[in-house]
Amino acid sequence: MVQVPKISDQRLQQRGISVVPTSTQAPAGLGGSQEDLDNIGVIGEVGGAVQKYADAQLDRANKLWFMTTESDISRKQLEIEKNAKNQKGRNAFGLGESTQNELDEYVGGIQSNNSSQADALLQIKMARKDSLNRTITGHVSNEIEKVETQESASSRINSTESASAHYDDPLRYDQDKMKFDAAVEDEADRQGFKSETRKAFVLDEKSSFHGEVIESMLDNEDHKLAKEYFKANADEISQNMKEKLRPAIEEGDMRAESLKKATEIIDNNES
């Protein structure tokens, strides 16, 4: 409640308001004198001045409260955002609801002293919550993107490594290749690749897959199998990868041919 200070007669007179003792008699119409009526008019003027002063003080108090409250809530919002941005990866999932609840709880502890302050508090809260929501939504979206990108890459890498290690197991290889192809298509969908961009992405990924498998075959000196695999999957191998693999395959083919001739010579000598 606003405290209104007592206004002295001297201050009222400085404002051009005449001050006379109040009358306890009834107005002239009710048996009082004209002087009594004049005194009532003076009292009305004094009351109006006091009310204006009280209104001004209330308005000043409301403005100060608004500025302080808005600053406090904004500071709390920034604190919540800072803490939320420290949550990475899957830890960021669900931040939208928890941060909104945290701000609600903080604002709920702020006291408003009149209806004007209560209305202002509601407006401040809604504005800060909307701003907080935009910030947190952006952060969570970025973290989801990172998680999905990492998981997709891990899935493709794992399938490639497994297929390279088990290329001589048709059933295992087919399962790994199927998983790899599905992961590639999912990634292309997630990235929103269309038309030629999508074709280029898929070809590049599949080229890497087949390249790893062929290199594994060559490392194990399965040169003939590597050559056959290269021909069978040529449509899924890019020109750059073909140029990279061809020398190794040809070298392996030559080594295999040399080994074959050496073996024939040894067999003939023994016979």
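Biologist: Before we start, what are the ground rules here?

Modeller: This is a predicted model, so local features need pLDDT of at least 70 and side-chain atom pairs count only at pLDDT 80 or more, while totals for chains, interfaces and linings use all residues. Residues are numbered from 1 along each chain as its sequence is written, and side-chain values use heavy atoms, with hydrogens and water left out.

Biologist: And how confident is the predictor in the protein chain?

Modeller: pLDDT is the predictor's confidence in each residue, from 0 to 100. The protein chain averages 83, and 73% of the residues score at least 70. Confidence is lowest in helix α1 (residues 9–14), with a mean of 50, and highest in α3, at 96. Over residues 1–8 the pLDDT is below 50, and that stretch has ten contacts in the model beyond near neighbours in sequence. Over residues 22–30 the pLDDT is below 50 too, with 15 such contacts.

Biologist: Why is the pair Arg-90 and Glu-151 called a salt bridge?

Modeller: The label asks for a side-chain nitrogen of Lys or Arg within 4 Å of a carboxyl oxygen of Asp or Glu. For Arg-90 and Glu-151 the closest N and O atoms are 2.4 Å apart, so the pair meets the definition. The two sit in distant parts of the chain, 61 residues apart: Arg-90 in the loop between α2 (34–85) and α3 (95–108), Glu-151 in helix α4 (residues 115–165). Those helix names come from DSSP runs, numbered from the N terminus (helices are H or I, at least four residues; strands are E, at least two).

Biologist: What makes Glu-151 partly exposed?

Modeller: Buried means under 20% relative accessible area, exposed over 50%, and partly exposed in between (1.4 Å probe, protein chains only). Glu-151 comes in at 40%, so partly exposed it is.

Biologist: How many salt bridges does a search of the whole structure find?

Modeller: The search finds 20. Among them, Lys-129 and Asp-104 meet at 3.0 Å, N to O. That pair links helix α4 and helix α3, 25 residues apart. Lys-129 counts as buried because its relative accessibility is 16%, whereas Asp-104, at 27%, is partly exposed.

Biologist: Which residue does Glu-205 pair with?

Modeller: Glu-205 forms a salt bridge with Arg-156, the closest N and O atoms being 2.9 Å apart. Glu-205 is in helix α6 (residues 195–219) and Arg-156 in helix α4, 49 residues apart. Both Glu-205 and Arg-156 are buried. There is also a network of salt bridges, linking Glu-145, Glu-148, Glu-187 and Arg-190.

Biologist: How do you know whether Leu-132 is buried or exposed?

Modeller: Its relative accessibility is 0%, so Leu-132 counts as buried. Leu-132 is in helix α4. Leaving aside neighbours within four places in sequence, Leu-132 is in contact (heavy atoms within 4.5 Å) with Gln-77, Ile-80, Glu-81, Thr-99, Gln-100 and Leu-103.

Biologist: What about His-210?

Modeller: His-210 is in helix α6, and its relative accessible area of 0% makes it buried. Beyond neighbours within four places, its contacts include Tyr-173, Lys-177 and Tyr-229.

Biologist: Why say that the buried residues of α7 line one face of the helix?

Modeller: The buried residues of helix α7 (residues 223–232) are His-223, Ala-226, Tyr-229 and Phe-230. Seen down the axis, they fall within an arc of 125 degrees, so they line one face. The arc is taken from the directions from the helix axis to the C-beta atoms. The face turned away from that buried side carries the exposed residues Lys-224, Lys-231 and Ala-232.
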